[in-house]
Amino acid sequence: MKQSVTLSSKVDTAKSTLGATLARLTARVHSRRSLRTRSRKQWVILSGKGGTGKTTVTAALAHLAAREHQLVLADADVDAANLELLLSPTVVEEHEYVDGKVAAIDPQLCTGCGECAEVCRFGAIVAEGLNYRVDPTACGGCAACRYHCPAKAISMVDSPTGRWFRSETKLGPLFHARLYAGQESSGRLVTQVKQNARLLATEVGADLLLIDGPPGIGCPVIAATSGANLAILVAEPSVSGVHDLERILSTTRHFGVPAVVCVNKADINPAQTAQVKALCATQQVPLVGAIPFDTTVVEAMVHRQPVTQYRSSPAAVALQALWRDLEPWLEAETEQGPDRHAGRHV
Ligand code: SF4
Ligand code: SF4
């Protein structure tokens, strides 16, 4: 009898352990499902060149999105980061960015033979009387001089090219960077900024990582665009603006990133706005916004605020309409967006 009670109690214990394990596994599966189905998107705002109003659009979208969604922001324009000018961030982390090595001459060991200057194809070794020194801004880091120096006076040292920051803003954390003067634009620094922003977005479960992209179509733009779910292209209504839009469209298409277009200052040149519209129609790209010229944009910049703070200004009204068109992309299950033809085509 005693034996059967013990056995029955063991069975009960096993059942309850199994039940608890199953409950844990079920909870884990549900949690993974909810992670999978949760919309977590990466949008990049681009333009074929600078000065089209890209940062104005980014700050406005961030301001509107932050009312209902958790955001992480990244300013990928490391040559001229200016999203920070509109969002008044408080820096909470600051790091030096090291991009490779440059040569350095130890004057104590250098005999002044000049062999390094002869071998350097970048003209980075400067003779100053009998002394030689390296111009770090010209050095390509090839280390040829180091191998040729008979006095072993040259070593390769870290080359800091800028700094990156993590800041807090009212709209969410912001990652941004600054290249040191004279440094070439660095796609690698853009990647660093973006990766840090992505890591934090994943960690905190942010709904949207919004990236203010660099101008142009070069390496930094590619670094900012890779992995994005949507590119919002800000076009300028001018002959060169249409050409720039064409170039950036071919870039986003090449990397398989869906794009939508909005025209800034659309009313200052209706003929070229019509050209943008025609290009979008030909390339089957949704034209989702037309922002009118509005002096409030400058006023907002002076006061370091997104223009959408001035709710009834013409630009803010247009940007609110743009956000209403874009918001469904945030919930879209497919990379093609909520509907290939969704949006208020303007
Ligand atoms: S090769 Fe070496 S020793 Fe000769 S000048 Fe250059 S650093 Fe000095
Ligand atoms: S590392 Fe290369 S580029 Fe730099 S100074 Fe030496 S030879 Fe010139």
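Which residues in helix 2 meet which residues in helix 11? Keep that in mind as you open the model, which is a predicted one.

**Stop 1: two packed helices**

Select residues 54-65 for helix 2 and residues 314-331 for helix 11. Now show the side chains at the contact. From helix 2 come Ala-60, Leu-61, Leu-64 and Ala-65. They meet Leu-319, Gln-320 and Trp-323 of helix 11. Colour these residues by class: six are nonpolar, one is polar and none is charged. Two packed helices are described by the angle between their axes and the distance between the axes. Here the angle is about 65 degrees, and the axes of helix 2 and helix 11 lie 10 Å apart. The crossing of the two helices is right-handed.

**Stop 2: the cores**

Go next to the largest nonpolar core, a set of 74 residues. Select Leu-210, Ile-232, Leu-233, Val-261 and Cys-262, the members that touch the most other members. Then centre on Leu-233. Leaving aside residues up to four places away in sequence, Leu-233 touches Leu-46, Ser-47, Leu-245, Ile-248, Leu-249, Ala-259 and Val-261. Another core, of 14 residues, lies apart from the largest one.

**Stop 3: ligand 1**

Select ligand 1 and show its surroundings: 13 residues. The closest are Cys-110, Cys-113, Cys-116, Cys-149 and Ala-151. The shell around ligand 1 has nine nonpolar residues, three polar and one charged.

**Stop 4: ligand 2**

Move to ligand 2, with 14 residues around it. Ala-103, Cys-120, Cys-139, Cys-142 and Cys-145 come nearest. By class, the shell around ligand 2 splits into twelve nonpolar, two polar and no charged residues.

**Stop 5**

Most residues other than glycine have a negative phi. Select Lys-265, in the loop between strand 10 (259-264) and helix 9 (270-282). Lys-265 is not a glycine, yet its phi is positive, at about 55 degrees. Is Lys-265 buried or exposed? Lys-265 counts as buried because 21 other C-beta atoms lie within 10 Å, and the cut-off for buried is 20 or more.

Finish at Arg-304, in the loop between helix 10 (296-302) and helix 11. Arg-304 also has a positive phi of about 55 degrees without being a glycine. Arg-304 has 12 other C-beta atoms within 10 Å, so it counts as exposed; the cut-off for exposed is 12 or fewer.

Notes. Residues numbered from 1 in each chain as written. Chains lettered and ligands numbered in written order. Predicted model: local features only at pLDDT ≥ 70, side-chain atom pairs only at ≥ 80, totals over all residues. Near = placed C-beta within 6 Å. Nonpolar A, V, L, I, M, F, W, Y, C, P; charged D, E, K, R; others polar. Axes fitted to C-alpha atoms, helices over the stretch in contact; angles between N-to-C directions. Helix = DSSP H or I, 4+ residues; strand = E, 2+ residues; numbered from the N terminus. Left-handed = near helix turned anticlockwise from the far one by under 90°. Contact = placed C-beta atoms within 7 Å. Core = buried A, V, L, I, M, F, W, Y, C linked by C-beta atoms within 7 Å.
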